[in-house]
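I open these notes with what I looked up in the structure, entry by entry. The sequence and model come first.

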Amino acid sequence: MQAPSFPPRDDAGIPLLTEVLDLPQPARKAEPAPLPPAPSWPVAAPAAAPAATPGPDDEDGIEALRAAILQDLLDRVEPLLKTRMRASLEVAAARALEDIAYNLREELGRLVDEAVQKELIRRAAVESKPLSPR
């Protein structure tokens with residue numbers, strides 16, 4: 001079975017999945033201050049926290065984290081999308097202008113040919129018309 005052949009990629013609006021994106025890095029938050037050195041005397045280990053069952057507070061926290069990640073992703077992707085959309089619109093506008101110019105040339109050529117043909121018919125009619133006696 002022969003592998004399908006695809007047309008060459010000439011549309012700037014279609015990114016490749018392997019394309020390396022140059023996105024601005026997200027702003028980093030200030031790192032917390034380092035902890036003081038551990039005491040040299042024995043310290044009891046903190047009690048293990050009981051296994052938390054997801055509750056309404058946890059769901060709110062998860063939703064807040066989800067919203068923050070989504071906002072960060074949108075902030076990073078939006079400039080890229082705007083650039084790609086602008087490039088795609090420029091390509092589409094250039095193609096549309098080329099089509100309009102081509103169609104206009106074709107229509108003007110047709111109108112000129114029609115006008116020339118009418119003029120030749122008119123001239124032939126005038127030349128073949130016998131002169132009327134006065």
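Entry 1. I began with glutamate 78 and lysine 82, which stand 4 residues apart in helix α1 and are therefore separated by about one helical turn. Their side chains meet in a salt bridge, with 3.6 Å from N to O. I used the rule that a salt bridge is a side-chain nitrogen of Lys or Arg within 4 Å of a carboxyl oxygen of Asp or Glu. Glutamate 78 is partly exposed at 40% relative accessibility, and lysine 82 is partly exposed at 44%. Here buried means under 20% relative accessible area, exposed means over 50%, and partly exposed lies in between, with a 1.4 Å probe and protein chains only.

Entry 2. I noted the basis of the values. This is a predicted model, in which local features need pLDDT of at least 70 and side-chain atom pairs count only at pLDDT 80 or more, while totals for chains, interfaces and linings use all residues. Residues are numbered from 1 along each chain as its sequence is written, and side-chain values use heavy atoms, with hydrogens and water left out.

Entry 3. I then turned to the chain as a whole. The protein chain has 1 helix and 0 strands; helices (H or I, at least four residues) and strands (E, at least two) are DSSP runs, numbered from the N terminus. Of the 134 residues in the protein chain, 2% are buried. The chain exposes about 13,300 Å², and carbon and sulfur atoms supply 64% of this area. Accessible areas come from the Shrake-Rupley method with a 1.4 Å probe, and for residues only the protein chains shown count as cover.

Entry 4. Which side chains meet glutamate 119 in salt bridges? I found arginine 122, at 2.6 Å from N to O, and arginine 123, at 3.1 Å. Arginine 122 is 3 residues from glutamate 119 in helix α1, so about one helical turn separates them. Arginine 123 and glutamate 119 lie 4 residues apart in helix α1, also about one turn. Salt bridges that share partners also join Glu107, Arg110, Glu114 and Lys118 into one network. By the rule stated above, I count 7 salt bridges.

Entry 5. I checked the accessibility of these partners. Glutamate 119 is partly exposed at 29%, arginine 122 at 45% and arginine 123 at 48%.

Entry 6. Last, I looked for a nonpolar patch on the surface. Leu70, Leu73 and Leu74 form one, with about 270 Å² of accessible area together. Patches are made of residues with over 30% relative accessible area and no salt bridge; like charges are joined within 9 Å, and nonpolar side chains (Val, Leu, Ile, Met, Phe, Trp, Tyr) within 5 Å. Leucine 70 lies in helix α1, residues 56-128, and is partly exposed, with a relative accessible area of 41%.
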